[in-house]
Amino acid sequence: MDYLIQILNGVQYGLLLFLLASGLTLIFGIMGVINLAHGSFYMVGAYLALWLTRLTGSLWLALPLGVLAAVALGALLEWALIRRLYARDHLYQVLLTFGLILVFEELRSLLFGNDVHGVPIPPALNFSIPLTETLSYPVYRLFISGVCLALAAAMYLVIRKTRLGMMVRAGNSNREMAQVLGVDIPLVFTFVFALGVALAAFAGMIAAPVSSVFPGMGNQILIICFVVVVIGGIGSITGAMVAALLIGIADTLGKVLLPQFSGMAVYLLMAVVLIWRPRGLFQAT
Amino acid sequence: MQDSDRLIRWLIVLGAVCLALFPLAGSTFYLQLLTKIMIMAIFAMSLDLIVGYTGLVSLGQSAYFGFAAYMLALASPKGAAASLWLTLPGALAATAALSLAIGLLVLRTAGIYFIMVTLAFAQMLYYLFHDTGLGGGSDGIYIHVRPSLALGDFNPVNLADHTHFYYLVFALMLGAYLLLRAVIASPFGRVLVAIRENPVRVRSLGFQVFNYKLGAFVLAGTLAGLAGYLSACQFGFVNPEILSWHYSGIVLMMLLLGGMGRLYGAVIGAFAFILVQELFSLEALFGDFARRWQLSMGVFIVLVVLLLPRGLSDLVERLGRGAAKRAAG
């Protein structure tokens, strides 16, 4: 039964990673941009949840407001900065987004200080389901998993079944050809970037009540997301899902079984996958 | 073109002479600051070999820097000096072996994958030292006494002395510069540049691209290790932060700021970056924002990427070319 709880935690963590990694992999795959600041958007989300929950008194109001703010932030950054880097080497993307991390971290410290904060779990979900006589599982964690799954399904439908998704896929497989055929690529890129930022921020917002809100939280998760994207294959949403669950479960079980080496476990997993498949599990080309 | 090349050469010699004479005039504070900058210059030059010349953007160079620093820390006896003659070659050999092992894996990938995989391996090392008790965990370990250069009773250079240490670092920086220059001018180095320009073509000419890349990767890792060893000597302290990817990002930024693919650009970048960082943390200039120097630094980095993508040395070269043209006309 102990293991069931660990596996549930691993799945929940994996699904959360998926929300982050799917945005990252879309931005890599479609725009060709490596975005180190993705972890900062997760942090921005968590602090938005903190601030808006204090302001409005409810996480349910904070969530939609926060997503709107994140979309606006993403669109603004794409328009002002990221847009200038499409034609440039990855090196410049790495450095510019590295600069953004410093800016976001310091602004966070300026506005909220360096303390660890907590966001209360909404009362409606603040109870546990009993599994056995002694063990129970918090409903809020199940809620996180459910929301992540719903978003994954929505993303799948949008990308597979809608006209917008068709344009995104066209941009992914051949940018120039799509543009020649009349797809407004700059607009698609702005949309993809804003979507990625919103997904990362949303992940930060719903995770805030369980993970608490603390300085440097974005950096920690960013590298794990990179591992997810590399294992899954850049640009592949399916790959991101499989890899995120794999990493989520490996990391959670690693912490229980080999606490000293759990930090390294995910990187070892990545090394093994790369020896076997240098372009990830689900890379199409 | 030739005039500007000559100008650059004179500027390099002038800079070297200034650095050689500096201890005669400077205070201890600036002596130590310059020592730190020269160590970072070695670090940035090592990265230039793979990023600037071979075209492999690595975001994990801090792994080799930090690993060599840890090797010194672990090899140093408590309260006594380790011998530099043993620990330096030992640390460099271990770092070379590490970069060979990592290089064999990461060089199978390219582009964005390469960036992320180098990063992930550096992160793996970070957790190795952070989570296990191997090197004092997250608290790090102290090196109480700097290594000694003594050979029996003969001990001409005392590294505990700031000036002596300064000259050792200065000599090693010059050595690293001359070594890398020779490497780049050699047939091996020419192939590296060709790989940067067009790897497929190089391969079709019959070169084993992978082996050349691996050679460059190991040499760069080893030189980064030299910088890490010296840095551990200087500060007498290592902790996992020197392995973190922030450190890799900072050294990459130094390289971009100075200008890639030039070697002396890496040196200029190290100077400019650390001096700007010191400037931003001056309370006299920035008041309360001095404590928030990371904010100014972040904005500075964004602006350099957007406005000065070819670095300061390109600016100097263009000015030099302009001056030469005016003198000729």
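Biologist: Which residues does Val227(A) touch, not counting residues up to four places away in sequence?

Modeller: The model is a predicted one. Here two residues touch when their C-beta atoms, placed from the backbone, lie within 7 Å. With residues up to four places away in sequence left out, the partners of Val227(A) are Ile247(A), Val266(A), Tyr267(A), Met270(A) and, from the other chain, Ala120(B).

Biologist: Which residues touch the most other members of the largest nonpolar core?

Modeller: The largest nonpolar core holds 201 residues. Its largest share, 18 residues, is supplied by helix H8 (residues 185-211) of chain A. The residues that touch the most other members of this core are Val227(A) and Val228(A).

Biologist: How far apart are the end C-alpha atoms of helix H9 of chain A, and why does that agree with its length?

Modeller: Helix H9 of chain A covers residues 217-232, which is 16 residues.

Biologist: Is H9(A) mostly covered or mostly exposed, and how many of its residues are buried?

Modeller: A residue counts as buried if 20 or more other C-beta atoms lie within 10 Å of its own. By that test H9(A) is mostly covered, and the number of its 16 residues that are buried is 14.

Biologist: Which residue follows H9(A), and is its phi positive or negative?

Modeller: The residue after H9(A) is Gly233(A).

Biologist: Which helix supplies the largest share of the side of chain A that touches chain B?

Modeller: In this pair, 34 residues of chain A are in contact with 38 residues of chain B. Helix H4 (90-112), H9 and helix H11 (262-276) of chain A each supply at least two residues of that side of chain A. By class, the side has 26 nonpolar, four polar and four charged residues. The largest share, 15 residues, comes from H4(A).

Biologist: What is the radius of gyration of chain A, and why is the chain called as compact as a globular protein of its length?

Modeller: Chain A contains eleven helices and two strands, in the order α-α-α-α-β-β-α-α-α-α-α-α-α. For 285 residues the globule rule gives 19 Å, and the value for chain A is close to this, so the chain is as compact as a globular protein of that length. The radius of gyration of chain A is 19 Å.

Biologist: What radius of gyration does chain B have, and why does it agree with a compact globule?

Modeller: Chain B has 14 helices and two strands, and its C-alpha trace spans about 65 × 50 × 45 Å along its principal axes. A compact globule of 329 residues would have a radius of gyration near 20 Å, so the chain agrees with that expectation. The value for chain B is 20 Å.

Biologist: What share of the residues of chain B count as buried?

Modeller: Chain B has 329 residues, and the share that count as buried is 47%. For chain A, with 285 residues, the corresponding share is 49%. To return to the chain asked about, the value for chain B is 47%.

Biologist: Is Pro138(A) buried or exposed?

Modeller: Pro138(A) lies in strand E2 (residues 136-138) of chain A. Within 10 Å there are 20 other C-beta atoms, and a residue needs 20 or more to qualify as buried. Pro138(A) is therefore buried.

Key:
Residues are numbered from 1 along each chain as its sequence is written. Chains are lettered from A and ligands numbered from 1 in the order in which they are written. This is a predicted model: local features need pLDDT of at least 70, side-chain atom pairs count only at pLDDT 80 or more; totals for chains, interfaces and linings use all residues. Helices (H or I, at least four residues) and strands (E, at least two) are DSSP runs, numbered from the N terminus. The expected span of a helix is 1.5 Å times one less than its number of residues. A residue is buried if 20 or more other C-beta atoms lie within 10 Å of its own, exposed if 12 or fewer, and partly exposed in between; C-beta atoms are placed from the backbone. A nonpolar core is a set of buried Ala, Val, Leu, Ile, Met, Phe, Trp, Tyr and Cys residues joined through C-beta atoms within 7 Å. The radius of gyration is taken over C-alpha atoms; the globule rule is 2.2 Å times the number of residues to the power 0.38. Ala, Val, Leu, Ile, Met, Phe, Trp, Tyr, Cys and Pro count as nonpolar, Asp, Glu, Lys and Arg as charged, and the others, Gly among them, as polar.
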